[in-house]
Every structure is written in C-alpha cells, then in structure tokens.
Amino acid sequence: MATNRQPDDDGFQFARELLWRTGLIGVAFFVMPPFAIAPTFEQVVAAYIAVVIWCYYDGAIARGRWPFAVLEAGVWTFLATRWTQLFLLSFGA
C-alpha cells in the first residue's frame, strides 16, 4: 500500500536542519569580532568544541554517541566556514 509522503519526510528534515544549523554557525563566525573578517583558528576550534557537544545532545546523526558527534561536528564546522566565506564575499569589507 502506497503511503502519502509529504515533502517533510526524514531526508528533507535532515537537509533543512543541516542548512539551518550550519548557516547559524556561519553567521556567528561572520559577526564575531573582528566583524566581517575570516574567523581565527582559535574561534573555529572553540566553535568546533561547542558543535561537538551540540551534536552529541541534539545532532542529526550522533545523538548520544561521541565518535559520531566528532565526525558530524567536523562536517558542520566545515560547512559553516563555507557559509562564512559566502557572507564575506557578499557583505564583507
């Protein structure tokens, strides 16, 4: 029996969460002092540690598993830096 699949299934929810969360981190990188300059290594490491904890407690994949949280946070942080580059190209000085 065919089910009526809405566009809000798991795949779309995962993609929406990934874009929203990495975009949020990218905006945080963009507005961190000094404003509109690429984040420093220390800022990226601090954000990565925070994202690892975020992924452990409320990640899309990890949820309660540290090894997966570390991997998921790496992907999120990488994508967040891409968002930051987009913001720098669009709105930077």
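A residue counts as buried when its relative accessible area is under 20%, as exposed when the value is over 50%, and as partly exposed in between. In this predicted model, W76 has a relative accessible area of 2%, so W76 is buried. Across the protein chain, 29% of the 93 residues count as buried.

The protein chain has three helices and zero strands, and its pattern along the sequence reads α-α-α. Among contacts with a separation of 6 or more, 59% are between residues 24 or more positions apart. The accessible surface of the protein chain is about 6,400 Å², and carbon and sulfur atoms account for 71% of that area.

Aromatic side chains give a way into the details. The structure contains seven aromatic pairs. One of them joins W54 and W76: the ring centres are 5.3 Å apart and the planes meet at 85 degrees, so this pair is edge-to-face, the cut-off for that class being over 60 degrees. The pair links distant parts of the chain, with W54 in helix α2 (residues 41-58) and W76 in helix α3 (residues 66-91), 22 residues apart. The relative accessibility of W54 is 24%, so W54 is classed as partly exposed, whereas W76 is buried.

Y56 and Y57 also form an edge-to-face aromatic pair, with 4.9 Å from centre to centre and 90 degrees between the planes. Y57 has a relative accessibility of 62% and therefore counts as exposed.

A further group of rings remains. F30, F35, W83, F87 and F91 are linked by ring pairs into a cluster.

Conventions. Residues numbered from 1 in each chain as written. Predicted model: local features only at pLDDT ≥ 70, side-chain atom pairs only at ≥ 80, totals over all residues. Heavy atoms only, no water. Phe/Tyr/Trp six-rings, centres within 6.5 Å; stacked < 30°, edge-to-face > 60°. Helix = DSSP H or I, 4+ residues; strand = E, 2+ residues; numbered from the N terminus. Buried < 20%, exposed > 50% of the residue type's maximum accessible area, 1.4 Å probe, protein only. Contact = heavy atoms within 4.5 Å. Areas by Shrake-Rupley, 256 points an atom, 1.4 Å probe, with all protein chains shown as cover.
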